[in-house]
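Please have the viewer open and work through each exercise before you look at its solution.

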Amino acid sequence: QAIVALDVASLDDARAVVTRLGDHAGFYKVGLQLFSAAGPPVVEWLHAEGKKVFLDLKLHDIERTVRRAAEAAQRMGVALMTVHGVGGSDMVRAAVEAAGEKTGVLVVTVLTSLDLATASAALGRPLNSVEDEVLRLAALALDARAHGVVCAGAECAAVRARCGAAIRTLVPGIRAPETP
C-alpha cells in the first residue's frame, strides 16, 4: 500500500497536496517538519478528510517518554508510528504496549541516507554491513512485537528471509530533488 509523504512546511501546504490528490491517495505520512509546524490538528484534519495517518516522528527517548508519546499517537488515531530501533528493545516494547492494537509501531533500522562508514561512526562501532545492522534491529523489532521495520529496499529480502511474515517492511520512497 502506498503512503504519500506530506513533507511540507505547513497545514496549508498539506491541504493543497491532499486536495490535489483527492481520492487517489488515502494514506499520508506526517513527519517531523509538518508535525512541528502544525501539530495534532494536521492529524485531525486528515482524519476528517477520511485519510489514514502514518506519524513518522522516529521517537527515541527514555521508555516513559516514548510510552506517553505512543499513547498520544494512539489517542489521535494514527494507523502507524515510528520509533528508532537503537533506542533498545525495552523502549520499543513500551511503544508497542502503549500504541495498542489500532496503532502499528514501525522500528526505524538504519536511515537510508547513511552509508556503512557514517552508520558505523554514528553507532560508535564498526559495522560489517548495513544489512547486518538492519537484521539486528529487525530481530529486536520482532522480539518487541513491533508491527514492522523501516528499511531500504536493498534490505527487504534479507528481512523477509530472516523474519518471515512476522515483520512487515516499509520502504521510504524516492525524494524529488530540492528546488531552489
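This is a predicted model: local features need pLDDT of at least 70, side-chain atom pairs count only at pLDDT 80 or more; totals for chains, interfaces and linings use all residues.

**Exercise 1.** Describe how helix H7 and helix H8 pack: what is the angle, and which residues make the contact?

*Solution.* 
- Step 1: Find H7 at residues 130-143 and H8 at residues 153-163. Their axes lie 10 Å apart, at an angle of about 45 degrees.
- Step 2: Angles under 35 degrees count as roughly parallel and 65 to 115 as roughly perpendicular, with oblique used for the rest. H7 is therefore oblique to H8.
- Step 3: The crossing of H7 and H8 is right-handed.
- Step 4: H7 brings Val130, Glu131, Val134, Leu135, Ala138 and Leu142 to the contact, and H8 brings Ala154, Glu155, Ala158, Val159, Arg162 and Cys163.
- Step 5: Sorted by class, the contact of H7 with H8 has nine nonpolar and three charged residues, and no polar ones.

**Exercise 2.** Now do likewise for helix H4 and helix H5: at what angle do their axes cross, and how do the residues of the contact divide by class?

*Solution.* 
- Step 1: H4 covers residues 63-76 and H5 covers residues 89-99. Their axes come within 8 Å and cross at roughly 25 degrees.
- Step 2: Because angles under 35 degrees count as roughly parallel, H4 is roughly parallel to H5.
- Step 3: H4 and H5 cross in a right-handed sense.
- Step 4: On H4, look for Glu63, Val66, Arg67, Ala70, Glu71 and Gln74; on H5, for Asp90, Met91, Ala94, Ala95, Glu97, Ala98 and Ala99.
- Step 5: The contact of H4 with H5 divides into seven nonpolar, one polar and five charged residues.

How values were computed. Residues are numbered from 1 along each chain as its sequence is written. Side-chain values use heavy atoms; hydrogens and water are left out. Axes are lines fitted to C-alpha atoms, for helices over the stretch in contact, and angles run from 0 to 180 degrees between N-to-C directions. Helices (H or I, at least four residues) and strands (E, at least two) are DSSP runs, numbered from the N terminus. Angles under 35 degrees count as roughly parallel, over 145 as roughly antiparallel, 65 to 115 as roughly perpendicular and the rest as oblique. A crossing is left-handed if the near helix is turned anticlockwise from the far one by less than a right angle, and right-handed if clockwise. Contact means heavy atoms within 4.5 Å. Ala, Val, Leu, Ile, Met, Phe, Trp, Tyr, Cys and Pro count as nonpolar, Asp, Glu, Lys and Arg as charged, and the others, Gly among them, as polar.
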